[in-house]
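Hi,

Here's the structure I promised to send over.

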Amino acid sequence: MALLEVRSLSKNYPRQDGWLGRPQENFVVHGVSFSIARGETLGLVGESGSGKSTVARMVLGLVRPTSGEVLFAGQSLTQASPSTLRKLRRRVQPVFQDPYAALNPRMTVAEIVQEPFKIHRSDGDAPVRDPGALLAAVGLDRSALQRYPHEFSGGQRQRINIARALALQPELLVLDEPVSALDVSVGAQIVNLLRQLQQSFQLTYLFISHSMPLVRYLSTNIAVMHGGKLVETGECEALCQNPRDPYTRTLLDATPMLPTDQDSGN
């Protein structure tokens with residue numbers, strides 16, 4: 001059974017066609033379906049505006065779909081009661097694009113990493129983890145716990161975000177363009193870190209990016225989005241070696257591979 005299954009997911013926003021025109025349906029996402037097996041990575045790739053971040057927000061429950069369904073471990077996230085959804089959300093955690101905007105500048109790193117426990121404090125089975133150990137897992141020293149976000153580089157801030165995402169021992173991370181705001185070499189270090197963490201913590205990833213080479217490096221399977229629809233899906237190397245859709249070929253040719261063999265810890 002797939003850990004995450006997305007079935008015919010659509011999102012539209014009504015718009016007026018002209019001053020006195022009839023309301024029209026403006027689909028941002030239309031009929032998207034995919035699944036991710038436990039321990040694997042699905043790379044959802046497409047240009048800006050293709051709808052991939054909207055898919056991420058629907059998976060996370062931040063945006064309600066117009067139609068379709070999201071299932072996690074066989075349970076519906078779109079139809080779940082508030083109490084059930086709260087418990088399921090502990091098992092699905094996000095890492096967003098902007099590492100600074102995702103952090104509260106008034107909180108220390110210790111408070112940031114421990115924040116998930118406060119949010120889920122009513123759940124008696126929420127596992128409590130040592131914040132220093134979480135920082136060590138992402139390559140930061142325990143001395144960072146009493147510092148504030150502005151004291152760190154962009155790559156270090158993203159490591160803090162990842163540490164926070166790991167706090168509740170999730171099974172799935174939704175990684176929405178997690179390196180696009182970083183320098184290429186720093187982004188490569190974060191990608192290598194994600195690969196290491198996936199093995200260490202037995203994680204499953206929905207990895208969203210506009211870079212096909214980056215998705216190719218990290219993913220087990222790839223789903224290509226264009227104009228709000230999936231135009232091609234398949235096993236990573238098979239799809240990259242023999243793309244069927246011209247848009248997939250465009251993505252493959254558009255960007256160079258990141259220098260992912262580098263990892264200096266920034």
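No disulfides turn up in a search of the whole structure, counting a disulfide as a pair of cysteine sulfur atoms within 2.5 Å. Cys236 and Cys240 don't make one, because the sulfur of Cys236 is 4.5 Å from its closest cysteine sulfur, the one in Cys240, and that is too far for a bond. Cys236 is buried at 3% relative accessible area, and Cys240 is buried too, at 6% (buried is under 20%, exposed over 50%, partly exposed in between, with a 1.4 Å probe and protein chains only).

Before you read on: this is a predicted model, where local features need pLDDT of at least 70, side-chain atom pairs count only at pLDDT 80 or more, and totals for chains, interfaces and linings use all residues. Residues are numbered from 1 along each chain as its sequence is written, and side-chain values use heavy atoms, leaving out hydrogens and water.

Then the backbone. Ser8 isn't a glycine, yet its phi is positive, about 50°; Ser8 belongs to strand 1 (residues 4–16) and is partly exposed at 44%. Gln169, also not a glycine, has a positive phi of about 55° and is partly exposed at 46%. Its place is the loop between helix 5 (154–166) and strand 7 (172–176), with helices (H or I, at least four residues) and strands (E, at least two) being DSSP runs numbered from the N terminus.

Cheers
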